[in-house]
Amino acid sequence: MLAVSLISGIAICYVLPVVGTVLLARRRKGIGKAFFCGMLAFAVSQLIIRVPLLQLVLPEFSWYTVLPLYPWRYGLFLGLTAGLAEESARWIAVKCFLKGKDSFGHGLAFGLGHGGIEAMLLVGPNMIAGLGVVLGEGAAMFPASAADVMTAGTERLIAMLFHTGASLIVLYGVRKGRVLWYWAAAVALHTAADAAVVILPKVFGAGTLGIELWAAVAAGITFALGCWLFCNRRENVKRGYLTESSGKRTERSK
């Protein structure tokens with residue numbers, strides 16, 4: 001059972017984003033570029049900018065060293081900085097590198113790239129190593145249970161759903177020409193989703209299930225909002241992104 005859980009987790013981290021992008025690429029040009037831009041947005045915003053600041057620079061300041069003593073402030077700080085970093089990176093990547101590639105499919109691919117590379121780098125390697133231990137030395141040598149592994153895999157699914165929704169929101173803002181409002185909405189949703197990881201257990205005593213339920217709700221709302229923006233018939237026809245022919249709705253090709 002543990003080996004099956006690890007294989008499922010590896011598939012979520014690596015196979016899902018790649019296969020999803022390949023399927024999207026069969027229907028629209030520029031999907032691969034959107035996918036790699038999403039990967040780049042995460043790598044730059046988190047691995048190159050935010051994480052080094054949190055680990056190497058901010059600990060030198062006394063106000064930051066005592067911040068974990070205040071769960072609300074600490075959670076909101078971590079959530080807000082994650083939102084500002086990642087949503088700004090999305091905005092820049094879409095604005096600079098995806099001009100004219102702003103369809104629903106491009107937004108999905110961007111989100112898969114962003115959430116996919118996060119899973120591939122932060123979770124996938126541990127699952128691959130764990131599978132090697134289980135197959136080579138036995139399940140007793142692996143420090144986590146099958147339930148723990150499935151929880152980690154589910155968490156990655158939820159994260160990809162959130163990143164896809166946030167990518168759709170920011171992409172639509174760029175396409176609509178009112179990016180500031182949609183960027184701010186994505187930052188707010190990102191803050192709410194990430195801050196809860198600290199606040200729920202420290203303030204409300206929530207366990208893993210409570211945290212994951214909150215993350216799932218936040219991701220669902222974000223993804224639903226992103227989809228609604230692109231499926232809003234009246235607004236998209238008004239803006240010229242959709243045309244109506246013979247009573248049917250069709251998207252203009254990009």
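**View 1. The largest nonpolar core of this predicted model brings together 28 residues.** Look for Leu24, Leu98 and Phe110, the residues with the most contacts inside this core. Helix 2, helix 4, helix 5, helix 7, helix 8 and helix 9 each contribute at least two residues to it. Helix 2 gives the most, with 7 residues. As a general picture, nonpolar side chains in soluble globular proteins tend to be buried together.

**View 2. Phe110 and its contacts come into focus here.** Setting aside neighbours within four places in sequence, Phe110 is in contact with Ala34, Phe35, Cys37, Gly38, Ala41, Arg90, Ala93, Val94, Leu98 and Ser167.

**View 3. A second, separate core has 15 residues.** Among them you can find Ile10, Ile12, Ala119 and Ala146.

**View 4. Helix 7 runs for 31 residues.** From its first C-alpha to its last, helix 7 reaches 45 Å, close to the 45 Å expected at 1.5 Å a residue. Because 22 of its 31 residues are buried, helix 7 is largely enclosed by the rest of the structure. Just after helix 7 comes Gly177, with a positive phi of about 85°.

**View 5. The largest pocket holds about 800 Å³ of space.** Its lining is made up of 32 residues, and Glu118, Glu155, Arg156, Asp194 and Val197 are the closest to the pocket's centre. By class, the lining has 19 nonpolar, 6 polar and 7 charged residues. Which helices each supply at least two residues of this lining? They are helix 2 (31-57), helix 4 (71-97), helix 5 (104-122), helix 7 (146-176), helix 8 (179-204) and helix 9 (208-231).

Terms used:
Residues numbered from 1 in each chain as written. Predicted model: local features only at pLDDT ≥ 70, side-chain atom pairs only at ≥ 80, totals over all residues. Heavy atoms only, no water. 1 Å grid on protein atoms, 1.4 Å probe; cavity = no way out; pocket = protein on both sides within 12 Å on 5 of 7 lines; lining within 4 Å. Points joined across faces, edges and corners; volume = space filled by probe spheres on them. Helix = DSSP H or I, 4+ residues; strand = E, 2+ residues; numbered from the N terminus. Nonpolar A, V, L, I, M, F, W, Y, C, P; charged D, E, K, R; others polar. Expected span 1.5 Å × (residues − 1). Buried < 20%, exposed > 50% of the residue type's maximum accessible area, 1.4 Å probe, protein only. Core = buried A, V, L, I, M, F, W, Y, C linked by side-chain atoms within 4.5 Å. Contact = heavy atoms within 4.5 Å.
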